[in-house]
Amino acid sequence: MTETPDIDTYASRCMKLLFSDADGLMVDRVFEPGASRDGKPPAGKQDGDLTLYSATDRCGFLTRIRYPGEAVYLVCGDTVFAGPLTTPAEIDEVSEILLAQKREAHDLRMSLMKQWPKFRTVRVYDSVGNYKGTEVR
């Protein structure tokens, strides 16, 4: 404890030790994106709750609860990518990284869609309905 600069860092280190073994990460309940969150208790409040953010890749946040602490793991399929995340700052940091990646993927899809050739021949008319010819769009 004498090496730790503040109580928050000390508590974070203790929680990391409490969850240092990633063995036995079991999923008890799965919450799909966009699904109703009416479960009792709510998503993320029980040990083994997996809250998915990508159902196709089976990626999400897995909650682990051991007295006296809680931790969250970022998992995709059977692979643990991050964790144990024991502080709100760590969870926020990982969430921001994931959000940025999803934003980049969305922007890439949209730019590809806009550039995709449609090659449709359309008839063009002026504002009063006179035919002006055809145009490839």
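These are my entries, starting with ground rules.

**Ground rules.** This is a predicted model, where local features need pLDDT of at least 70, side-chain atom pairs count only at pLDDT 80 or more, and totals for chains, interfaces and linings use all residues. Residues are numbered from 1 along each chain as its sequence is written, and side-chain values use heavy atoms, with hydrogens and water left out.

**Confidence.** I looked up pLDDT, the predictor's confidence in each residue, from 0 to 100. The protein chain averages 81, and 86% of the residues score at least 70. Among the elements, helix α1 (residues 7–18) has the lowest mean, 72, while helix α2 (residues 88–115) has the highest, 89.

**Elements.** I found 2 helices and 7 strands in the protein chain. Helices (H or I, at least four residues) and strands (E, at least two) are DSSP runs, numbered from the N terminus. Reading from that end, the order is α-β-β-β-β-β-α-β-β.

**The sheet.** Next I traced an open sheet of 5 strands, in the order β1-β2-β3-β4-β5, with mixed pairing. Two strands pair if DSSP finds at least two bridges between them. β1 (29–31) and β5 (79–85) are at the edges with a single partner strand each, so one side of each has no neighbour in the sheet. From one strand to the next, the twist averages 25°. I also checked β4 and β5: they run antiparallel and are joined by 4 bridges. Val75 sits opposite Val80 in β5.

**A helix on the sheet.** α2 packs on the sheet and touches β2 (49–54), β3, β4 and β5. Touching is a contact, meaning heavy atoms within 4.5 Å. The direction of α2 makes about 145° with that of β5. For such angles, axes are lines fitted to C-alpha atoms, for helices over the stretch in contact, and the angles run from 0 to 180 degrees between N-to-C directions.

**The disulfide.** How many disulfides are there? I get 1, counting a pair of cysteine sulfur atoms within 2.5 Å. Cys59 is joined to Cys76, S to S 1.9 Å. Cys59 lies in strand β3 (residues 59–66) and Cys76 in strand β4 (residues 69–76), so the pair ties together parts 17 residues apart in sequence. The torsion about the S-S bond of Cys59 and Cys76 is about 120°, so this disulfide is right-handed.

**Buried or exposed?** Buried means under 20% relative accessible area, exposed over 50%, and partly exposed in between (1.4 Å probe, protein chains only). Cys59 is buried at 5%, and Cys76 is buried at 18%. Buried residues make up 25% of the 137 residues in the protein chain.
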